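Colleague: I am new to this structure and would like to learn how to read it. Could you take me through some features, one at a time?

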Amino acid sequence: MPKDTLTITDNRTGKSYEIPIQNGTIRALDLRQIKMSQEDFGLMTYDPAFTNTAACKSAITYIDGDKGILNYRGYPIEQLAEKSNYLEVAYLILNGELPTRSQHEDWVHQITTHTLLHENIKKFMEGFWHDAHPMGMLVSTVGALSTFYPDAKEITNPESRRWQSVRLIAKMPTLAAFAYRYSIGRPYAYPDNELSYTGNFLNMMFKLTELKYRPTPVLERALDVLFILHADHEQNCSTSAMRGVGSSQVDPYSAVAAATAALYGPLHGGANEMVIRMLREIGSLARVPEFIKRVKAGERRLMGFGHRVYKNYDPRARIIKEMADQVFVEMGKNSLLEIALELEKIALEDEYFVSRKLYPNVDFYSGLIYQSMGFPLDLFPSLFAIPRTAGWMAQWEEMLRDPETKIARPRQIYLGSPPRNYVPIAERETPGRKAAGI
Ligand code: CMC
């Protein structure tokens, strides 16, 4: 039987090395034995942005980017979106198995009864400027929760970790909704325990003076499906932030604040907001070709297109596109839809996009649905952060249980100055420095 090894010959020394291959990978540390001399540090790998480096082993989410497959704990996303609900999926992601009926009831009860925030959180929300971006407020307020739950520091205690997951999943919608209500000067709407997870979120967002808010079933279900689609996505930027920051053994609220900050960026969870801003800027069908020209010239990015892992249609985008029709029947067609469809049509036929395998991603159509549902534009990234909290917490739990976990600490290639002596300030104004503009 041939052994699963990689033979590397170092042409500098003529030596050969057998490196074991396991799970389609070699261990970067195995390369360290490849040295020029005993004093040599040994060979490292260089992989900016981790495009070809597995940083962990995981049993949570599987993606086949070429085939457009996404599974949570083995279950295809299409089946979960059709048959499950967000809280059940959150349980699955966190615990590895779908809940039994009684486990489901307990889980829903625990989440539903932990949605309230400490009243002091309202006070520091009021410190924000009136038009503060809700995602900026969410980053700060979720981080601040760590000061209200000092027991969250007990990260080696499984029961404490479980409670922090419950609290975070329960309170993220309340934080996001309160940030929105504050930004438009409306009184906060408190959670309603008789409503579903998404029904209650709609209540906290949109309740006015009515005694009981009743969510529109189509919108409640559409939001639930959107939350399922956003629940986890393996080692993306924000999840890597969660794992990296969490590896310092900080409490999970602080790590979720870091993950939320990573998600805020326009190349990640902020893309849904940017798609709508882009569609508004294009403004009409007639201006689509001109915009595509600017994208191809490298002047602009087509927001909501492209993905590090998917080199095929993002399966989440396909489900969202189908669901959009139901929302549009209820709420009326989004006036930007035509432009989005035209952009997609041109991009899917154009050599620039085809050769780079750029397809619509989850954010291309989600923004249109959120907008039709009445969500304000700058709340869109928070609508990504709320459901992703389950994924972050599951990845954090997995990271802490992994015996191979160490504090995240990448290496670098130092290309700076060799050692040199300090120069007193009076001797620094040499003609050479002046000429170089230093
Ligand atoms: N518009 C135009 N060109 C693009 C785009 C785009 N949206 N995305 C990638 N390219 C080009 C890029 O210029 C490069 O071309 P070249 O080879 O000529 O230099 C090539 O395609 C490869 O791109 P890349 O930047 O190396 O790809 P990446 O894997 O580093 O980036 C991405 C992935 C998602 C950051 C990128 O596709 C992008 O910026 N998309 C727009 C923002 C967006 O929609 N983000 C949401 C991602 S899905 C939700 C989530 O998980 O966050």
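Predicted model: local features only at pLDDT ≥ 70, side-chain atom pairs only at ≥ 80, totals over all residues.

Colleague: Which residue meets Asp-64 in a salt bridge?

Modeller: That partner is Lys-67, with N to O at 3.7 Å. Have a look at the surroundings of each side chain too. Asp-64 counts as buried because its relative accessibility is 15%, a value under 20%. Lys-67, in turn, is exposed, with a relative accessible area of 61%.

Colleague: Where do Glu-159 and Arg-162 lie, and how many residues apart are they?

Modeller: Both belong to helix H6, which covers residues 158-183, and they are three residues apart, so about one helical turn separates them.

Colleague: What parts of the chain does the pair of Asp-192 and Lys-212 tie together?

Modeller: First the contact itself: Asp-192 forms a salt bridge with Lys-212, and the closest N and O atoms are 2.8 Å apart. Asp-192 is in the loop between H6 and helix H7 (197-206), while Lys-212 is in the loop between H7 and helix H8 (217-229), so the pair ties together parts 20 residues apart in sequence. Asp-192 counts as buried at 16% relative accessibility, whereas Lys-212 counts as partly exposed at 26%. There is also a network to find: salt bridges that share partners join Arg-27, Lys-57 and Glu-404.

Colleague: Now for the rings. How many aromatic pairs does the count come to?

Modeller: The count comes to 18 aromatic pairs. To read one, check how far apart the ring centres are and how the planes are angled. For Tyr-91 and Trp-107 the centres are 5.8 Å apart and the planes are at 75°, so this pair is edge-to-face; the cut-off for that label is an angle over 60 degrees. Tyr-91 lies in helix H2 (residues 86-95) and Trp-107 in helix H3 (residues 101-112), so the pair ties together parts 16 residues apart in sequence.

Colleague: Is Tyr-91 buried or exposed?

Modeller: Tyr-91 counts as buried, at 13% relative accessibility. Trp-107 counts as buried as well, at 5%.

Colleague: Which residues do ring pairs link into a cluster?

Modeller: The cluster is made up of Tyr-86, Tyr-197, Phe-201, Phe-206, Phe-227, Tyr-370, Phe-375 and Phe-380.

Colleague: Which ring does the charged end of Arg-356 sit over?

Modeller: That is the ring of Tyr-352, and the charged end is 3.8 Å from the ring centre.

Colleague: Let us turn to the cysteines. How many disulfides does the count come to?

Modeller: In general, a disulfide is a covalent bond between the sulfur atoms of two cysteines. In this model the count comes to zero disulfides. Cys-56 is in no disulfide, and its nearest cysteine sulfur, that of Cys-237, is 14 Å away; a disulfide would need the sulfur atoms within 2.5 Å. Cys-56 is partly exposed, with a relative accessible area of 24%. Cys-237 is in no disulfide either, and it counts as partly exposed at 48% relative accessibility.

Colleague: What residues form the nonpolar patch on the surface?

Modeller: Phe-41, Met-44, Tyr-46, Ile-413 and Leu-415 form this patch, and together they have about 590 Å² of accessible area. Take Leu-415 as an example: its place is the loop between helix H17 (380-401) and helix H18 (431-435). Leu-415 counts as exposed, at 77% relative accessibility.

Colleague: One last residue. Where is the place of Ala-49?

Modeller: Ala-49 is in the loop between strand E2 (16-20) and strand E3 (61-64). At 52% relative accessibility, Ala-49 counts as exposed. For a sense of distance, Ala-49 and Glu-281 are 232 residues apart in sequence and 30 Å apart in space, C-alpha to C-alpha.

Notes: Residues numbered from 1 in each chain as written. Heavy atoms only, no water. Phe/Tyr/Trp six-rings, centres within 6.5 Å; stacked < 30°, edge-to-face > 60°. Helix = DSSP H or I, 4+ residues; strand = E, 2+ residues; numbered from the N terminus. Buried < 20%, exposed > 50% of the residue type's maximum accessible area, 1.4 Å probe, protein only. Lys NZ or Arg CZ within 6 Å of the ring centre and 35° of its normal. Patch = residues over 30% accessible without salt bridge, like charges linked within 9 Å, V, L, I, M, F, W, Y side chains within 5 Å. Areas by Shrake-Rupley, 256 points an atom, 1.4 Å probe, with all protein chains shown as cover. Salt bridge = Lys/Arg side-chain N within 4 Å of Asp/Glu carboxyl O.
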